[in-house]
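Please look through the structure shown below, chain by chain, before reading on. The paragraphs that follow begin with the contacts between chains and then turn to the folds of single chains.

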Amino acid sequence: MKNKITALMLGTALSLATAGVAFAQDKSIKIGALSDQSGLYADLGGPGSTLAAQMAAEDSGLLAKGWKIDIISGDHQNKPDIGSNIARQWFDVDKVDVIVDVPNSGVALAVNNIVKEKNGVYINSGAATSDLTNAQCSPNTVHWTYDTYMLAHSTGQAMVKAGGDSWFFMTADYAFGAALERDTTEVIKANGGKVVGGVKTPLNSADFSSFLLQAQSSKAKVIGLANAGGDTTNSIKQAAEFGITKGGQKLAALLLFITDVKAIGLETAQGLSFTETFYWDLNDETRAFSKKFAARMKNGAPPSMVQAGVYAGLIHYFKSLEALGSNPHDGIKVVTKMKELPTDDPLFGKGKIEANGRKIHPGYLFEVKKPSESKAPWDFYKLAGTVPANEAFTPIEKSTCALLKK
Amino acid sequence: MTTITENAIPEPRRGTSDAMIAFVIMTALLLIVPLTGVYPFFVMQALCFALLACAFNLLIGYGGLLSFGHAMFLGTAGYFTAHALKVWGFTPELGILIGTLGAAALGVITGLIAIRRQGIYFAMITLALSQLLYFVYLQTPFTHGEDGIQGIPQGFLFGIFNLSKPITLYYVILAGFLLGFLLIYRAINSPFGEVLKAIRENEPRAISLGYKTDQYKLLAYILSGTLAGFAGSLKVFVAQNASLTDVHWTMSGEIVLMTLVGGLGTIFGPVVGAFVIIAMQQYLAGFGQWVTVIQGAIFVICVLTFRRGVIGEIAHYFKRSL
Amino acid sequence: MSINLQALFAQLLVGLINGSFYALLSLGLAVIFGMLNIINFAHGALYMMGAFAAYFLLNVLNIGYWPALIVAPLAVGIFGMILERTMLKWISGLDHLYGLLLTFGMALIIQGVFQNYFGSSGLPYAIPDLLKGGMNLGFMFLPIYRGWVVIFSLIVCILTWYLIERTRLGANLRAATENPTLVRAFGINVPRMITLTYGLGVGLAALAGVLSAPINQVRPLMGADLIIVVFAVVVIGGMGSIMGSIITGFALGIVEGLTKYFYPEASNTVVFVLMVLVLLIKPSGLTGRAA
């Protein structure tokens with residue numbers, strides 16, 4: 001179940017001379033990287049997230065100062081039961097301090113409850129659900145990389161500002177799709193755009209052509225894809241078949257990752273717009289990190305935004321522990337410290353963590369390059385717009401998090 | 001033609017006493033688990049699946065009906081119990097009752113449809129019905145789609161037993177398991193069970209003897225579904241969530257696998273099978289997707305060379321009925 | 001409710017395409033069931049292998065779509081025959097349900113292995129140049145590739161029907177199903193015939209896979225959910241007749257397409273609901289013979 005990837009041992013044996021001193025200045029940290037190691041999200045998080053955690057430990061500078069950092073990893077197989085069992089066992093038996101990554105909203109929320117119950121620390125990078133910092137927020141949780149509200153909001157705002165002011169939605173017919181459509185619609189209207197129509201598509205329908213035909217005849221400037229996973233890739237693929245982007249309509253995916261673009265291929269994905277909060281080719285610092293990262297990945301892939309979030313989240317966690325002087329093994333105390341300190345890391349830049357646990361940073365609207373514009377294997381995006389940190393995420397006064405009610 | 005279960009040992013003389021001894025050993029082992037240092041949550045989860053597999057086994061092992069959609073009972077009861085506890089604030093015993101009744105109702109409805117066809121068709125129909133239900137649960141608001149129902153309060157059973165204490169929860173789950181297990185054992189050894197076996201062996205003959213075989217099969221199906229639901233309700237207290245995984249066809253496949261590994265048509269086989277498969281999931285999780293491949297390989301090996309399953313082989317060797 | 005004819009026709013066409021997949025897959029299931037008496041749960045996995053075969057032919061051997069239409073089903077068909085010889089053969093004579101369990105296990109293995117090597121997100125496969133784009137028929141826009149899929153599957157289905165119902169080979173095959181001992185007495189190699197039949201059924205699934213590769217992402221799990229729908233199609237149509245499974249496949253595709261137009265929310269479930277209705281009204285399925 002737990003897969004000991006690495007045990008980074010530093011410091012001298014002499015420093016652990018007396019038990020009393022060791023307890024007073026507990027400088028040991030145990031990290032559990034809980035992810036989908038082989039399924040749908042494995043490319044996005046998975047082994048790459050464990051690597052990111054490892055690199056964060058190495059780059060933190062803590063090891064040289066006598067701290068001891070252990071990393072274990074686990075595979076939740078996208079099943080909430082298995083995820084919460086692993087998390088519980090990690091706290092009870094393995095004495096893990098912090099759980100990172102956890103893609104898949106169902107599993108992420110299940111683990112959220114366990115971490116709260118066990119007073120651990122939870123830095124979620126992989127899950128999309130906005131609930132983690134709203135209805136189900138917890139004093140033990142930091143939600144780092146992105147959420148559905150941010151994606152919908154940033155994509156909607158940036159697209160309307162770039163002239164895409166009439167929208168047609170293809171919405172996956174369940175709660176997740178509806179939430180994406182609702183959040184996007186809100187910002188489109190707020191920015192003076194309008195929604196001319198939409199269609200609910202059944203989940204996992206292999207064939208989107210009929211819905212795409214409706215979208216095409218709606219004459220909307222932007223077709224918003226409020227869906228995920230296989231539905232998104234299939235609808236993009238079929239949209240290319242019908243020449244929708246060539247006909248002048250823009251395709252905006254509300255939840256898409258670099259790994260998806262890789263899977264679809266530039267030929268098909270070109271011209272597609274969507275938001276991410278990290279891209280390896282954003283600036284010198286992201287490029288430097290990504291080069292180091294890719295060199296250590298089995299398939300040579302640069303970090304996804306989820307993996308980048310694991311790295312950055314842990315860097316900030318280490319910084320907060322250092323400020324505390326030792327590891328109190330008290331989740332609320334550590335997370336409170338994390339919220340106090342401003343964040344600053346090479347991948348997401350300067351930012352902060354709100355009282356509800358939401359990490360705030362800018363959202364970037366990217367457009368997928370044409371095959372002819374792409375010069376390197378992962379050279380996929382051009383930047384089409386930036387939504388500043390304070391506008392990208394749910395405004396704190398609109399958060400329904402119970403922690404905010406004093 | 002042979003029947004699906006090769007463990008059809010003609011009533012051995014000492015059968016009942018052998019089973020009694022095995023039952024006492026099993027119960028004793030389970031009672032001392034918390035003292036041994038084995039992680040209790042693992043055992044609790046395995047117990048829920050063991051009961052589920054036993055319920056499934058009642059249908060295939062004794063009724064000869066292969067349901068490839070038994071996850072629908074697990075998931076339905078789970079959702080009902082979770083909703084009752086979390087949204088309506090019901091007590092645990094009422095929550096379990098609602099979940100189990102929900103599964104029973106589902107058993108009546110789907111049973112009336114599925115029982116109209118035999119053999120392979122029955123398997124395909126149950127699979128299709130569970131897939132139908134999967135999509136329904138995906139779209140119904142109360143299940144919260146992919147997020148599932150989370151953070152379910154465990155509460156106090158009968159107002160006294162604090163279920164958020166692992167040790168209390170363990171013994172409550174164990175009691176629930178034993179209750180369900182004994183009920184199934186009782187059903188198998190009742191006149192009802194005898195008729196079921198007769199139908200499985202030779203349905204035309206059972207009909208000619210005047211038995212309304214369809215009614216017996218329907219009853220077995222409902223009973224099996226209800227008990228599977230009971231297992232699903234108990235599982236809510238262990239996992240503290242209810243999610244779509246429990247309704248998915250892969251779960252139905254796992255239930256079949258557990259029973260097959262342990263031994264179709266044996267009394268203790270499904271329990272052993274459930275522990276084996278759950279342990280495999282827990283301790284092989286490092287192998288990632290290979291777990292699926294390993295499960296598939298176990299299916300293939302079991303069907304090709306090991307059709308009696310673990311307990312079935314043991315029982316066959318000692319010529320006992322377990 | 002005003003009916004938009006153009007959209008309606010478009011949905012019907014889309015329905016026909018899904019119908020072609022249903023028809024090819026349920027036809028394969030029926031062929032296999034007729035001869036081997038097993039329900040091939042691995043059918044969805046073999047369909048997926050067809051799509052992957054097309055991908056590899058193109059990207060590794062540089063063999064394009066057109067040859068792949070023949071080569072991929074052949075390759076996967078041979079793989080199927082190996083499966084039959086090494087595994088399925090050993091359970092003939094046992095309860096049908098063992099066949100279901102065995103092939104379910106095979107499906108898990110195949111899908112798991114592909115997932116390990118290719119991840120879950122899948123691989124791209126482009127539409128062949130000749131079939132790109134679409135035609136405006138006036139009352140609707142017809143994407144050429146989709147039209148091709150419908151026509152080609154129809155032809156393959158009818159050829160298969162002809163092979164089994166109208167040729168000498170098919171006659172032997174049907175005779176072997178009814179009375180293997182007698183057919184063996186006539187000097188016909190029944191086990192070889194069984195193997196070839198399984199290969200044929202598997203080849204049909206793989207062909208459907210190749211046809212779907214340009215429309216759908218080539219993913220390890222692309223056949224996993226589809227097979228359950230096809231099971232429902234088979235329950236509705238009954239596996240007794242070759243023509244029955246073809247017609248049911250196409251018809252259900254159309255019904256699904258209509259549902260997508262009138263009430264898209266239910267288009268995932270409509271086939272299952274129809275199955276329930278058919279079971280309530282005519283339990284033995286539309287084309288008759290009870291199991």
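How many residues of chain B are in contact with chain A, and how many of chain A with chain B? This is a predicted model, in which local features need pLDDT of at least 70 and side-chain atom pairs count only at pLDDT 80 or more, while totals for chains, interfaces and linings use all residues. Residues are numbered from 1 along each chain as its sequence is written, and chains are lettered from A and ligands numbered from 1 in the order in which they are written.

On the side of chain B there are 25 residues in contact with 30 residues of chain A, two residues being in contact if their C-beta atoms, placed from the backbone, lie within 7 Å. Two or more residues of this side of chain B come from each of helix 2 (40-63), helix 5 (119-139) and helix 11 (269-283) of chain B, where helices (H or I, at least four residues) and strands (E, at least two) are DSSP runs numbered from the N terminus. Helix 11 of chain B provides the largest share, three residues. By class, this side of chain B has seven nonpolar, 16 polar and two charged residues; Ala, Val, Leu, Ile, Met, Phe, Trp, Tyr, Cys and Pro count as nonpolar, Asp, Glu, Lys and Arg as charged, and the others, Gly among them, as polar.

The contact between chain B and chain C takes 37 residues from chain B and 38 residues from chain C. At least two residues of the side of chain B that touches chain C are supplied by each of helix 5, helix 10 (249-262) and helix 12 (290-305) of chain B, and helix 5 of chain B gives the most, with 13 residues. This side of chain B divides into 24 nonpolar, 11 polar and two charged residues.

Chain A has 14 helices and 16 strands. Its domain assignment, which is automatic or from a database, gives domain 1 (3-146 + 282-360) and domain 2 (150-276 + 363-391). The C-alpha centres of domain 1 and domain 2 of chain A lie 31 Å apart, and 11 residues of domain 1 of chain A are in contact with 11 residues of domain 2 of chain A. On the side of domain 1 of chain A that touches domain 2, eight residues are nonpolar, two polar and one charged.

The C-alpha atoms of chain A fill a box of roughly 75 × 50 × 35 Å, taken along the principal axes.
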